[in-house]
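Dear colleague,

I am passing a structure on to you below, and after it you will find notes on what turned up in it. Please read them alongside the sequence.

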Amino acid sequence: NFKGLSVDELALLTAEENGGKGAHVYGDTDAELVAHLFEAIRPITSEDAFCDLGSGNGRLVLQMSLLTRVRSAAGVELSRTRHEQASAALTEATRRGALSPERADTIELCCASMLGHEAPTRSTLCFIYSLALDASFMATLERDLAQRLPADALVLLRGQAFPGETARGSVCEGRRRSLKLVLETRITNRIHQFYGYRVAVEGEHALGEDGFEEAPRELLLEQHTLPLDPPSSHLMRAIFTEPEPEEICLQDMLEAEGGIDALLCA
């Protein structure tokens, strides 16, 4: 997924201050799943503003604008090549009528570092593909977002969780702010999981009184692949469903007993 990037651009993307040697790696993430996971925390409304930090070719930004009620969507991407691809995709989507000119005007694409960028300060829903970012950058990013995102904003990570730098809260304008883990996925046929956070600000809410559980919710899902319409198409789409109760019980039993091999050897 770094095809077409120059040597200089790769060097910029993988610099320590931009995420480390794996920071150029990103993967397309299904917008329906992202929306579903945000909705598992709280409903998405027309008052929400979405932001993708490390937005690549802009696919998720455009899809969230098309598929959800968010009032605006922004993408921040350090790679000039990927940013130009995203801008071209936005222009083409508008030309083809997939996006109205009015809706297209609510989409902002920026070529910049995600650290310190102003887009998150206006966002209530923030997504980051965090799989290959190094530990020190993740800690810096956690502190940065805890201080600058609006209170109660949601952050969804794909790949790895934040290290917990703000667990005790960092002081901003005299008030402690932290990213509180509220959701973890367990997608049974996927290796990499998602982690959902809420920006908690001292004095804004009391723990346990704002609709959020103190312990993070675990969401069990299965991935299925279905053909796109028409049925003869070779293109496929991924959907995610919650397993039936019987399936959950069987999986939990297998994990408790040490897996299927342990049962067969019993």
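Glu118 and Arg122 are joined through their side chains by a salt bridge, with N and O 3.2 Å apart (a salt bridge being a side-chain nitrogen of Lys or Arg within 4 Å of a carboxyl oxygen of Asp or Glu). Glu118 is partly exposed at 47% relative accessible area, and Arg122 is partly exposed as well, at 37%; here buried means under 20% relative accessible area, exposed over 50%, and partly exposed in between, with a 1.4 Å probe and protein chains only.

Please bear in mind that this is a predicted model, in which local features need pLDDT of at least 70 and side-chain atom pairs count only at pLDDT 80 or more, whereas totals for chains, interfaces and linings use all residues. Residues are numbered from 1 along each chain as its sequence is written, and side-chain values use heavy atoms, with hydrogens and water left out.

The structure holds eight salt bridges. One of them links Glu92 to Arg95, whose closest N and O atoms are 2.6 Å apart; these two residues both lie in helix 4, three residues apart, which is about one turn of the helix (helices are DSSP runs of H or I with at least four residues, strands are runs of E with at least two, and both are numbered from the N terminus). Glu92 is partly exposed at 28% relative accessibility, while Arg95 is exposed at 61%. Another salt bridge brings together the side chains of Asp48 and Arg42, at 2.8 Å from N to O; Asp48 counts as buried, at 3% relative accessibility, and Arg42 as partly exposed, at 22%.

The buried residues of helix 2 include Leu33, Val34, Leu37 and Phe38. Leu37 touches Leu156, Leu183, Thr185, Phe194, Leu219 and Leu221, leaving aside residues up to four places away in sequence, where a contact means heavy atoms within 4.5 Å.
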